[in-house]
Amino acid sequence: MTDPAQPSDTVLPGIRLAWPDVGEVELAAVAEVLDSGQLTMGPRVAEFEAALAASCDVAHAAVVSSGTAALHLAVLALGVGPGDEVIVPAYTFPATANVVELSGARAVLVDVDPDTFLVEPARVYEAVTERTKALLAVHLFGRPVDWEALQTAVPPEVALVEDAAGALGARWQGMPCGGLGVLGCLSFHPRKIVTTGEGGAVTTNVEEYDAAVRRLRHHGIVPAGEFDIPAPGLNYRLSDILCAIGLPQLARLDALLAERESVAALYTERLEHLVHTPTAAGGDRHGWQAYVVTLERRDEALAALRAEGIEAQIGTYALHRLGAYRDQGPFPGADAAFERALALPFHSRLTEADVDRVVAALARFT
């Protein structure tokens with residue numbers, strides 16, 4: 001008989017950081033596409049685009065091969081190029097800045113609030129110059145930015161573009177993220193609430209921008225009349241197979257978000273007096289792409305969680321600490337976020353017992 005006073009040799013199962021909410025429905029949808037023989041640029045693409053446009057309350061949505069492709073095409077559709085500047089938060093996934101630099105323009109970093117992880121409107125206002133072409137505003141981890149404050153921080157000629165990669169389903173003051181800016185960019189990476197494995201979309205109410213995105217995602221080919229490529233484009237298309245995976249998830253977006261809200265509530269109830277827990281501003285709905293807390297002993301906690309089979313990750317990156325952007329700074333808000341943010345396991349398969357196990361492991365470092 002095992003002595004209960006002695007440590008147990010039982011190995012607990014691992015807890016995944018993320019787990020896509022896919023199953024038999026998605027499998028059947030993929031099989032239907034395979035049976036049709038039309039694997040790309042077919043009816044599922046148009047169907048997924050229409051559903052996305054409705055979800056974001058916009059006129060147009062064009063699906064592409066990744067969230068990064070969506071950002072790249074949004075920047076190109078605006079005509080951003082050499083000599084231009086685009087304002088980017090200093091704390092975000094590097095793709096947000098990379099697409100600006102790859103267009104030939106300069107990504108101008110601005111600091112963030114280390115408690116919300118979101119770009120500070122006052123810093124945006126200070127960063128605007130006569131060369132500023134756009135602002136890429138990131139709803140990081142699903143928390144909506146203060147859109148009204150950003151609108152007042154830039155002059156009318158500066159395009160406001162949403163990096164809503166983690167914010168499908170989120171709402172700012174009742175309005176859907178992905179439908180606030182002149183262009184919105186979505187991602188369907190497996191850590192997102194709706195996934196196609198890899199994939200993204202560009203949303204807009206401006207027909208000219210939608211046409212540019214559709215042309216650029218398909219080699220630059222003009223879609224009507226005699227075959228022509230007035231300017232070179234890319235192959236950023238998304239296949240019918242992947243759209244078929246995304247469609248049933250998008251149809252149950254509200255239910256998926258409600259499940260994540262329930263898991264977030266379990267975490268917050270247990271952690272709000274131990275660490276800084278994520279929230280949304282009053283009147284907003286968080287998109288809950290991730291559950292990211294902040295604590296001083298982040299690195300110790302991260303190592304301990306992983307040692308116990310609990311997958312965890314840093315929040316994201318302080319861009320000025322990467323080689324490509326070290327010519328800018330200092331950004332104390334981005335530094336604080338980078339050093340303290342910890343993404344906990346977060347998906348609909350987490351049980352209350354899983355949450356308790358994560359919290360118990362984390363509590364030793366608060």
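In which hand, left or right, does α3 pass α4 in this crossing? In the predicted model described here, α3 passes α4 in a right-handed crossing. The two helices, of which α4 spans residues 95–102, pack at an angle of about 40°, and their axes are 9 Å apart. On the side of α3 the contact is formed by Thr68, Leu71, His72 and Val75, which meet Ala95, Thr96 and Val99 in α4. By class, this contact of α3 with α4 comprises 4 nonpolar and 3 polar residues, with no charged residues.

Helix α3 (residues 67–77) also packs against helix α7 (residues 207–216), the axes of the two coming within 9 Å and crossing at roughly 125°. That angle makes α3 oblique to α7, and the crossing in which α3 passes α7 is right-handed. Here Leu73, Leu76 and Ala77 in α3 meet Tyr209, Ala212, Val213 and Leu216 in α7. The residues of the contact of α3 with α7 divide into 7 nonpolar, no polar and no charged, whereas the contact of α3 with α4 includes 3 polar residues.

A further helix pair is formed by α9 and α12, whose axes come within 10 Å and cross at roughly 35°; the crossing of α9 and α12 is right-handed. The contact is made by Val263, Leu266, Tyr267, Arg270 and Leu271 on the α9 side, and by Glu352, Val355, Asp356, Val358, Val359 and Leu362 on the α12 side. Divided by class, the residues of the contact of α9 with α12 are 8 nonpolar, no polar and 3 charged.

In α10, the buried residues include Arg298, Ala301, Leu302, Ala304 and Leu305, and the buried residues of α10 pack against β11 (313–314), α11 (332–340), β12 and α12. Just after α10, glycine 309 takes a positive phi of about 80°.

Serine 262 is placed in helix α9 and, at 45% relative accessibility, counts as partly exposed. The C-alpha atoms of serine 262 and glutamate 85, which are 177 residues apart along the chain, are separated by 41 Å. Glutamine 289 is placed in the loop between α9 and β10, and with a relative accessible area of 12% the residue is buried. Not counting residues up to four places away in sequence, glutamine 289 touches Phe141, Gly142, Gly166, Arg191, Lys192, Arg260 and Phe346.

Phenylalanine 141, one of the contacts of glutamine 289, lies in the loop between β4 (132–138) and α6 (147–153). The phi of phenylalanine 141 is near 60°, a positive value in a residue other than glycine, and at 9% relative accessibility phenylalanine 141 counts as buried, the cut-off being under 20%. Glutamine 173 likewise has a positive phi, of about 50°, although it is not a glycine. The place of glutamine 173 is in the loop between β6 (171–172) and β7 (175–176), where, at 41% relative accessibility, glutamine 173 counts as partly exposed. Finally, a cis peptide bond joins glycine 329 and proline 330, with omega of about 5°, and proline 330 is found in the loop between β11 and α11.

Notes:
Residues are numbered from 1 along each chain as its sequence is written. This is a predicted model: local features need pLDDT of at least 70, side-chain atom pairs count only at pLDDT 80 or more; totals for chains, interfaces and linings use all residues. Side-chain values use heavy atoms; hydrogens and water are left out. Helices (H or I, at least four residues) and strands (E, at least two) are DSSP runs, numbered from the N terminus. Buried means under 20% relative accessible area, exposed over 50%, partly exposed in between (1.4 Å probe, protein chains only). Contact means heavy atoms within 4.5 Å. Axes are lines fitted to C-alpha atoms, for helices over the stretch in contact, and angles run from 0 to 180 degrees between N-to-C directions. Angles under 35 degrees count as roughly parallel, over 145 as roughly antiparallel, 65 to 115 as roughly perpendicular and the rest as oblique. A crossing is left-handed if the near helix is turned anticlockwise from the far one by less than a right angle, and right-handed if clockwise. Ala, Val, Leu, Ile, Met, Phe, Trp, Tyr, Cys and Pro count as nonpolar, Asp, Glu, Lys and Arg as charged, and the others, Gly among them, as polar.
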